[in-house]
Amino acid sequence: MFDAKSLLDQFLGSQGGGQPGNQYGGRGGATAQRGGSGDLLSQGKDFLSSQGGGLALGGLAGLMLGSKSGRKMGKKAVTYGGLALVAGLAYKAYQGHKANQQNAPRPQYPQDEPIPLEAPRGTAFDPAQQPGGENQFAVALLTAMISAAKADGHIDREEQDRIFAKIDEAGLDSEAKAFLMDELRSPLDLDKVVASASCPESAAEIYAASRIAIDPDHPAEQAYLQMLAARLGLEAGLVDEIELAVREAEMAN
């Protein structure tokens, strides 16, 4: 099984290792070499500028580099890893949602450290507590991120070939590349994303990872996130808190 945690860190624009912090169900998956995220970013910028980019092409290329949200939170991912970043965002949103329900003060965090990266450890938000462990959950988050990036349109064969050529240049090993290529080729499958949530907490993390992967300024992306939230059984107030947590984390960097 490849090191999905390292690949997740690359998707979020980092080189750091990950330390965490029914309608629900899991999936496993291939060691990614830790290539420089700066190289990925440079390659991706050149790629997008040379191709002009359709909606789907831009979304997927952006995903492989880390979306705007992911890049803005890259400093945290470098230090703590992508799994901890996603867990912290979901945990913070859950705390805020519960406080709102109880008419209690919302938890406050320092403006420059708005993500409670340590708090989720030992809770249901801790990726190590998920069925199959951290690496399998990282695969589920990667799948969710790629699915979110597909939401803005169809990718034709020529676009696929260009994206796959960039994957070949990204310093990944054969198993990691095979995983990415399989996920990019496969049709958008919301059922698979939803089935990877084993509990309400992991459902919130899957939604948070999907939100980080894209900047939902296209109606299709917005509709996808709405549908994903509904299928995951997330309350509207929790979805709002996840959006707020992502925006606060962006501003902190």
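Note on charged and aromatic side-chain contacts

1. Arg 247 and Glu 243 form a salt bridge through their side chains, at 3.5 Å from N to O. Both residues belong to helix H13, where they stand four residues apart, or about one turn of the helix. The structure discussed here is a predicted model.

2. Glu 243 has a further partner: Arg 211 makes a salt bridge with Glu 243, and the closest N and O atoms are 2.7 Å apart. Arg 211 is in helix H11 (residues 200–213) and Glu 243 is in helix H13 (residues 236–251), so this pair ties together parts that are 32 residues apart in sequence. Taken together, Arg 211, Glu 243 and Arg 247 are linked in a network of salt bridges.

3. Glu 243, at 23% relative accessibility, counts as partly exposed. Arg 247 is also partly exposed, with a relative accessibility of 38%.

4. Another salt bridge joins Asp 191 to Arg 231, with the closest N and O atoms 2.7 Å apart. This pair links distant parts of the chain: Asp 191 sits in helix H10 (residues 190–195) and Arg 231 in helix H12 (residues 219–232), 40 residues apart. Asp 191 counts as partly exposed at 49% relative accessibility; the limit for exposed is over 50%. Arg 231 is partly exposed as well, at 35%.

5. How many salt bridges does a search of the whole structure find? The search finds six. Among them are the pairs Arg 247 with Glu 243, Arg 211 with Glu 243, and Asp 191 with Arg 231.

6. On the aromatic side, the count comes to two pairs. In one of them, the ring centres of Tyr 91 and Phe 125 are 5.5 Å apart and the ring planes meet at 85°, so the pair is edge-to-face; the cut-off for that class is over 60 degrees. Tyr 91 lies in helix H6 (residues 82–101), while Phe 125 lies in the loop between H6 and helix H7 (133–149), so the pair ties together parts that are 34 residues apart in sequence.

7. Are Tyr 91 and Phe 125 buried or exposed? Both Tyr 91 and Phe 125 are buried. With Tyr 94, these two residues form one aromatic cluster.

Key
Residues are numbered from 1 along each chain as its sequence is written. This is a predicted model: local features need pLDDT of at least 70, side-chain atom pairs count only at pLDDT 80 or more; totals for chains, interfaces and linings use all residues. Side-chain values use heavy atoms; hydrogens and water are left out. A salt bridge is a side-chain nitrogen of Lys or Arg within 4 Å of a carboxyl oxygen of Asp or Glu. Helices (H or I, at least four residues) and strands (E, at least two) are DSSP runs, numbered from the N terminus. Buried means under 20% relative accessible area, exposed over 50%, partly exposed in between (1.4 Å probe, protein chains only). Rings of Phe, Tyr and Trp (its six-membered ring) pair if their centres lie within 6.5 Å; planes under 30 degrees apart count as stacked, over 60 as edge-to-face and the rest as tilted.
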